[in-house]
Amino acid sequence: MSTSQIAFLKGHGTENDFVIVPDPDNAADLPASVVARLCDRRAGIGGDGLLHVVRSAAHPEAQAMADAAEWFMDYRNADGSVAEMCGNGVRVFARYLQRAGLVEEGDLAVATRGGVKKVHIAKGGEITVSMGRALLPGAGVTVTVDGRSWDARNVNMGNPHAVAFVDDLAHAGELRSVPPFTPAAVYPDGVNIEFVVDRGPRHVAMRVHERGSGETRSCGTGACAVAVAAARRDGADPAETGTPVTYTVDLPGGTLVITEQPDGEIEMTGAAVIVAEGVIDPAWLETAQG
C-alpha cells in the first residue's frame, strides 16, 4: 500500500461527507487504522465515513450479489469499523460512478452489506435510492440525556436505529458521545440514535448520533427510520391505508424526502455532490499504517 499512489475523491450527501477510494479490483489494503486516519478531519482528508468502490465480483462479501449489481459499496464508519449500509453514502457512491463514466443517468443497482439497493439518477441531478423495507422489532429502548428520558422506537433499515420524538432538538445534548440507553441488550452491536421534532404535517426535523461516527450532518437510513416511526405514530402505515406516505425530513445538512410504498419499499431522494479529487501521499499512508 505504501509503494503506490491511491486516488481519492471527497463527496457529500446533505453534508454527510465521505472519503471515496476507487478500487475496482479490491487491491487496496484499508485496515481500520488507515480508514480512521483518512477520515480524521485534522490529520487526514476528513469524513463521516469512507466509500470503498469495488466490483462486486472482486470482493468476497459481495460475490453472491455480482449478477445483480456490478458495484459494491464497501462502507466504513469514521472510526474504521465496518457498517451494513449508509443511505447518503449510496447516493454519493452512485454520483461517483456517474462522474467516472461507469454508469449513466437512469437506473442502476448497488450492492451493500444490507443487500442490493436500486438507485435512480434523475436528469435534474437528484438521486433516489430504494432503501428496502423497514423491520420493526418489538423491543425498544429508553434514551436518557441530561435527566430527560424518552421511549425510542426500534427500526432496522439494514442497520439499527432508535427513534425518539422530543420537544426540542437541543434536548439531544452534545451528541459527541453515545446517548445512554437501556436495556443495552436490545442493540448488542451499537445503534444509531435519532432525536426528532415536528415541523408541520408530515414534516419533521432530526439530529442523529451515528454509531462509530458521532453526530453527523445527515443520515439517510436514519431519515428513513424517522419517517417510518413518524408514520406509525401518526396512524399512516401505508400497508394499512394502501396509500404511499411521504415525509419531508430536515437534517442539519439539508433535506431528504422519504416515501414509503404500500408494499413497504422505502424511497429516499436527495442531492449528492463530488467536491474534490486527488492522490493520497504514499509516505503518509505508510505512517498511517503505523
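Two residues are in contact here when heavy atoms of theirs lie within 4.5 Å. By that count, and skipping neighbours within four places in sequence, Met-73 is in contact with Leu-51, His-52, Met-85, Cys-86, Gly-89, Val-90, Phe-93, Val-110, Ala-111, Thr-112 and Arg-113. Keep in mind that you're looking at a predicted model.

**The big picture**

- The protein has 5 helices and 18 strands.
- Its C-alpha trace spans about 55 × 40 × 30 Å along the principal axes.
- A compact globule of 290 residues would have a radius of gyration near 19 Å, and the protein agrees with that, at 19 Å.
- Of the 290 residues, 51% count as buried.
- Take the contacts with a separation of 6 or more: 62% of them come from residues 24 or more positions apart.

**The cores**

- In soluble globular proteins, nonpolar side chains tend to be buried together.
- The largest nonpolar core here has 53 residues, and Met-73 and Ile-258 touch the most other members.
- Helix α3 (residues 220-233) gives the most to this core, with 9 residues.
- There's also a second, separate core of 18 residues, and its members include Ala-164, Phe-181, Ile-193 and Phe-195.

**Helix α1 (residues 32-39)**

- Val-34, Val-35, Leu-38 and Cys-39 are the buried residues of α1.
- These residues are on the same side of α1, because they cover an arc of only 130° around the axis.
- As background, an α-helix has 3.6 residues a turn, so residues three or four places apart point the same way.
- What covers the buried residues of α1? The cover includes β2 (16-22), β3 (49-55), β4 (71-77), β18 (273-280) and α5 (282-289).

**Helix α2 (residues 87-99)**

- From its first C-alpha to its last, this 13-residue helix reaches 19 Å, close to the 18 Å expected at 1.5 Å a residue.
- Helix α2 is largely enclosed by the rest of the structure, because 11 of its 13 residues are buried.
- Among those buried residues are Asn-88, Arg-91 and Arg-95, along with Val-90, Phe-93 and Leu-97.
- Just after α2 comes Gly-101, with a positive phi of about 75°.

**Cysteines**

- How many disulfides does the structure hold? The count is 0.
- Cys-219 is in no disulfide, and the nearest cysteine sulfur, in Cys-86, is 6.5 Å away.
- For Cys-224, the closest cysteine sulfur is that of Cys-219, and at 8.7 Å it is too far for a bond.
- Cys-219 is buried, with a relative accessible area of 2%, and Cys-224 is buried too, at 0%.

- The peptide bond from Thr-182 to Pro-183 is cis, with omega near -5°. You'll find Pro-183 in the loop between β11 (181-182) and β12 (192-200).
- Asp-146 isn't a glycine, yet its phi is positive, near 50°. Look for Asp-146 in the loop between β8 (141-145) and β9 (148-156), where it is exposed, with a relative accessible area of 68%.
- Arg-202 isn't a glycine either, and has a positive phi of about 50°. Its place is the loop between β12 and β13 (203-210), and Arg-202 is partly exposed, with a relative accessible area of 43%.

Technical notes:
Residues numbered from 1 in each chain as written. Predicted model: local features only at pLDDT ≥ 70, side-chain atom pairs only at ≥ 80, totals over all residues. Heavy atoms only, no water. Disulfide = S-S within 2.5 Å. Buried < 20%, exposed > 50% of the residue type's maximum accessible area, 1.4 Å probe, protein only. Helix = DSSP H or I, 4+ residues; strand = E, 2+ residues; numbered from the N terminus. Arc of directions from axis to C-beta. Expected span 1.5 Å × (residues − 1). Core = buried A, V, L, I, M, F, W, Y, C linked by side-chain atoms within 4.5 Å. Rg over C-alpha atoms; globule rule 2.2 N^0.38 Å.
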